[in-house]
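Have a look at the picture, then read the points alongside it.

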Amino acid sequence: MIVQTPKKAVFNWSGGKDSALALYTVLQQKQFEVVALLTTVNEETELSSMHAIPFSLLMKQAESIGIPLYPVFLPKNLPVYEQRMLDAAQHFKAQGVEHFIFGDIYLSDVRKYREDRLHPLGIEVVEPIWNLDSTEVMQNFLDSGIRTKIIVTDASKLDRSFIGQDIDAALIERMPEDVDICGENGEYHTFAYAGALFKQPVEFEIVETRQMSYDFKLENGEEKTYHYWQAIFA
């Protein structure tokens, strides 16, 4: 019997629900040796780029999971962002890593962006929960036993009462019909803190729910304001 050696891989860690489920799936399949959790952090706020998780809690997640965290601190400047991500990819390529794993479900433009930048380096994009139906992804997540709390919501989709709530079947039932139950369209973001992946729960405290906003321009030049609710950690 030929025993295949697991391939070295880096997991791109957001700290949230889909990321946790994808990592759990990969570890169960045992096809990859995950050598690091790569995460992006705003260098000014020290919060994760997408989920606004404090860097200190990202480190606690990685410690409990048992895989080293590899943070990439990023500015708002896009060219610098792309260079630092390229530097990180080249760093791991030099160590024999040829696979970067992500927790995307069906955002094809995001996947193409990743592939366009990683394939020239000889790094393959792996998406363990790609193209699954949101209902199936959510059921797999609930079955895994991973525990997560909602920490950011699009204020136009989910009100502040959802902040700090654990994702479970009852909460999913409360979500409006126009909300993707996995939050794949940005309706909400989460923080994974206990369950199957973790040797022990990550200790944290939410001390405030704050309404935030930022302005942006559409391709046609129209200006918009995005409003969201965000958990503030101790």
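1. Start with His99, which sits in strand β4 (residues 99-101); helices (H or I, at least four residues) and strands (E, at least two) are DSSP runs, numbered from the N terminus. Keep in mind that this is a predicted model, where local features need pLDDT of at least 70 and side-chain atom pairs count only at pLDDT 80 or more, while totals for chains, interfaces and linings use all residues. Residues are numbered from 1 along each chain as its sequence is written, and side-chain values use heavy atoms, with hydrogens and water left out.

2. Is His99 buried or exposed? With a relative accessible area of 8%, His99 is buried (buried means under 20% relative accessible area, exposed over 50%, partly exposed in between; 1.4 Å probe, protein chains only). Its side chain makes a polar contact with the side chain of Glu124 at 3.4 Å. A polar contact here is a pair of N or O atoms within 3.5 Å; within protein, one must be able to donate a hydrogen and the other to accept it, and residues adjacent in sequence count only if both atoms are side-chain atoms. Leaving aside neighbours within four places in sequence, His99 also has contacts (heavy atoms within 4.5 Å) that include Lys7, Val10, Phe32 and Val126.

3. Now for Asp159, in the loop between β6 (147-154) and α6 (169-174). Asp159 counts as partly exposed, at 42% relative accessibility. Its side chain makes a polar contact with that of Ser161 (2.4 Å). Beyond the neighbours within four places in sequence, Asp159 is in contact with Thr153 and Trp229.

4. On the overall layout, the chain is divided into domain 1 (7-126) and domain 2 (148-233), with bounds from an automatic or database domain assignment. Their centres, taken over C-alpha atoms, are 20 Å apart. The contact takes 25 residues from domain 1 and 23 residues from domain 2.

5. What about the inside? The largest nonpolar core has 52 residues, and Trp13, Leu23, Leu37, Ile167 and Met175 have the most contacts inside it. (Such a core is a set of buried Ala, Val, Leu, Ile, Met, Phe, Trp, Tyr and Cys residues joined through side-chain atoms within 4.5 Å.) At least three residues of this core come from each of domain 1 (7-126) and domain 2 (148-233). A second, separate core has 14 residues, among them Leu74, Ala88, Phe100 and Phe102.
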